[in-house]
Amino acid sequence: MDPSPGTSNHRKQKPAAQNDGERDSNVWPLSGKPYFYVVLRKSHIEKTFRMHFPSSFSEKLPVAKIPAKIVYGGKVWDLLYIGNQGPTNCRLENQAWEKFVAENKLEAGDACVFELMEGRSNSTSIKLRLQILKDEFPTELKDKAEGFKSNNPIYID
């Protein structure tokens, strides 16, 4: 029997507040715009701080260095998007990404969902909305999940 939403012991979601046209809540339904997700590894959050975009996502973006904004938790971070420059994939500039990682206490194993809110292949800037899914899997779903261990993962579609 499923528990009612008010009886779970996991962190309750904050009400959706509008801020710069974005929800203040940390988790929300995707809007139907292009997105990708990544489960963070050490290379994303330590030493090199590399946040590369998959080619299926970056093909929608410019092949240039342009300003990028990440919207998360009611705040906006200014970064630099580096389009496909030779042998490297499209990515976020390492130092600004490092600052974002530190300020949001990202850890290996956290999942990030990047959703393209503004920008195209001919844009002079892009805006990404970010969701961070930490180790706070809803208790209502734990019993229904087929995975939950590294040798039997839960897939996010």
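Colleague: What makes the side chains of Glu115 and Arg129 a polar contact?

Modeller: A polar contact is a pair of N or O atoms within 3.5 Å; within protein, one must be able to donate a hydrogen and the other to accept it, and residues adjacent in sequence count only if both atoms are side-chain atoms. The side chains of Glu115 and Arg129 make such a contact at 2.6 Å. This is a predicted model, in which local features need pLDDT of at least 70, side-chain atom pairs count only at pLDDT 80 or more, and totals for chains, interfaces and linings use all residues. Residues are numbered from 1 along each chain as its sequence is written, and side-chain values use heavy atoms, with hydrogens and water left out.

Colleague: Why is Glu115 called buried?

Modeller: Buried means under 20% relative accessible area, exposed over 50%, and partly exposed in between (1.4 Å probe, protein chains only). Glu115 has 1% relative accessibility, so it counts as buried. Glu115 lies in strand β8; strands (E, at least two residues) and helices (H or I, at least four) are DSSP runs, numbered from the N terminus.

Colleague: How do you know that strand β9 is largely enclosed by the rest of the structure?

Modeller: In strand β9 (residues 126-133), 7 of the 8 residues are buried, so the strand is largely enclosed.

Colleague: What makes β8 and β9 a pair of strands?

Modeller: Two strands pair if DSSP finds at least two bridges between them. Strand β8 (residues 111-118) is joined to β9 by 7 bridges, and the two run antiparallel. Glu118 has Lys127 in β9 as its bridge partner. Strand β5 (residues 65-72) is joined to β9 by 4 bridges, and these two run parallel. Here Ala68 stands opposite Ile126 in β9.

Colleague: How many aromatic pairs are there, and why is the pair of Phe36 and Phe53 called tilted?

Modeller: The structure holds 10 aromatic pairs. Rings of Phe, Tyr and Trp (its six-membered ring) pair if their centres lie within 6.5 Å; planes under 30 degrees apart count as stacked, over 60 as edge-to-face and the rest as tilted. The ring centres of Phe36 and Phe53 are 5.1 Å apart and the planes stand at 50 degrees, so the pair is tilted. The pair links distant parts of the chain, 17 residues apart: Phe36 is in strand β3, Phe53 in the loop between β4 (51-52) and α2 (55-58).

Colleague: Why is the pair of Phe53 and Tyr81 called tilted?

Modeller: The planes of Phe53 and Tyr81 stand at 35 degrees, with the ring centres 5.7 Å apart, so this pair is tilted. Phe53 is in the loop between β4 and α2, Tyr81 in strand β6 (residues 75-82), 28 residues apart. Phe53 counts as buried because its relative accessibility is 2%, and Tyr81 counts as buried at 0%. Phe36, Phe53 and Tyr81 belong to one aromatic cluster, which also includes Trp77 and Phe114.

Colleague: Why does Lys47 count as exposed, and why does Phe49 count as buried?

Modeller: Lys47 has a relative accessible area of 83%, so it is exposed. Phe49 has 11% relative accessibility, so it counts as buried. Lys47 is found in the loop between α1 (42-45) and β4, and Phe49 is found in the loop between α1 and β4.

Colleague: What is the phi of Lys47, and what is the phi of Phe49?

Modeller: Lys47 has a phi near 40 degrees, a positive value in a residue other than glycine. Phe49 is not a glycine either, and its phi is positive at about 45 degrees. Most residues other than glycine have a negative phi.
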